[in-house]
Amino acid sequence: MAANEITHRPDQGYQWKAVTLLSLGFGLVGLDRFMIIPMFPTLMKDLNLNYQDLGHITGILAITWGISAILTGRLSDRIGPRRVVAGALVVFSLLAGLHGLAAGIGSLLLIRAIMGLFEGAYTPAAIVATLEASLPERHGRNLGIQQAALPLFGLALAPILITQLLQVVSWRMIFLALSVPGLAIAALIFFVVKDAPVTATRKINHGHTIDRGQWRAVFGYRNIVLNICAMFCWLTCLIVTSAMFPSYLIDYLKLDVSSMGFVLSAVGFGAALGTLITPTISDRFGRKPVMLVNVVGAIAMLAILTRVGADPVPLFVFLFGTCFFNFGMICLTVGPLSAESVPPHLMNTATGVVVGIGEIFGGGIAPIVGGYVAQHFGIQHTLYLALAGLALGFLIVLGLKETAPMGRRRLPVSAEPA
């Protein structure tokens, strides 16, 4: 066994308990973050909002999410991910309920900004907790399951659930009711999930522990820098095909609310399937080849989507395909491609930096730009912003260094920057 290889091997029973709970928690992150999207047309009328406000509401959460992911990646390296995950889940669940008390754009921005801090804390810690709880040969599959929960809850089920609930109750009551489950899941995570031994993920076995506060060290690894740039591209595509798409469907294509909910659910169903299948395939065939296939597939599907008219079924199909490929790349980028590119003691930090900076620019700046484009040039032109992001992403993927050559699942043992 290599000197700095992870020796911790969780048992099968614990693996499934931990992965299930961490997946449910990440599903609630998705629900709390994205359930506002199918409500946007209603919120715009009730609170007198416009497309630029839509971009700001989406972007502010992503920016604080990104800042938090960077800082708390270091924190979870020090104290372990379990406490970070459970505590963050409690707070952002309570904040989600506060949306129901919002009176206008100012209160919405404040609530979203604070909620982003705690959802950003959850994300990298939960990724590493999932990897720690998984058998090494199941890293890709289990991380795919955990990551699939966010789009499944937040982007597949939420549009259908929310658009139906809006017909019988107010959007304020929906926010208040959906804040409760997070508290129960947080308690279960705290008492069931365990932090791996320090020697397993936060210490090099050949005799010394590197200063975990030196998060800048992760920038010495080529894949980490490229992954940060790639996340900007993948999140630009995600934001345009989720946050901007309800208004595109209703205002530009003139679909009704129920049809909009059906079409928008394709984002979540496609993304969930992509995050399940893509990492599992990459365990066998390697990370980089699968990334290349996915980015080409996403470009093709989105290009066709721009030409589809007001027909819900083709819209669903090509939106499904776009998000299948795009979310597969997100999962690989923040998960195996980041964790496997650095030594074990930098896994949390590397993941936090990739998620964080990617969110700040891809999830934060892109929707603000998208809102500006929609407000001044037309909502339909935002799709070309997503296409440009994917095209740039293709060039970035070409520069990645393979971390699982010939499909042989490799642990994060690289000790030298590359």
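G97 lies in helix α4, which spans residues 81–98; helices here are DSSP runs of H or I of at least four residues, strands are E runs of at least two, and both are numbered from the N terminus. The model is predicted, with local features requiring pLDDT of at least 70 and side-chain atom pairs pLDDT 80 or more, while totals for chains, interfaces and linings use all residues. Residues are numbered from 1 along each chain as its sequence is written, and side-chain values use heavy atoms, leaving out hydrogens and water.

G97 has 5% relative accessibility and therefore counts as buried (buried: under 20% relative accessible area; exposed: over 50%; partly exposed: in between; 1.4 Å probe, protein chains only). Leaving aside residues up to four places away in sequence, G97 touches F175, L176 and S179, a contact being heavy atoms within 4.5 Å. The C-alpha atoms of G97 and L176 are 4.2 Å apart, although 79 residues separate the two in sequence.

Helix α11 covers residues 245–252; six of its eight residues are buried, so the helix is largely enclosed by the rest of the structure. Those buried residues are F245, P246, S247, Y248, L249 and I250. After α11 comes K254, with a positive phi near 65°.

The table gives values for the chain as a whole.

| Property of the chain | Value |
|---|---|
| Secondary structure | 17 helices, zero strands |
| Buried residues | 61% of the 418 residues |
| Contacts joining residues at least 24 apart | 87% of contacts between residues at least 6 apart in sequence |
| Accessible surface | about 14,600 Å², 69% of it from carbon and sulfur atoms |

Accessible areas come from the Shrake-Rupley method with a 1.4 Å probe; for residues, only the protein chains shown count as cover.
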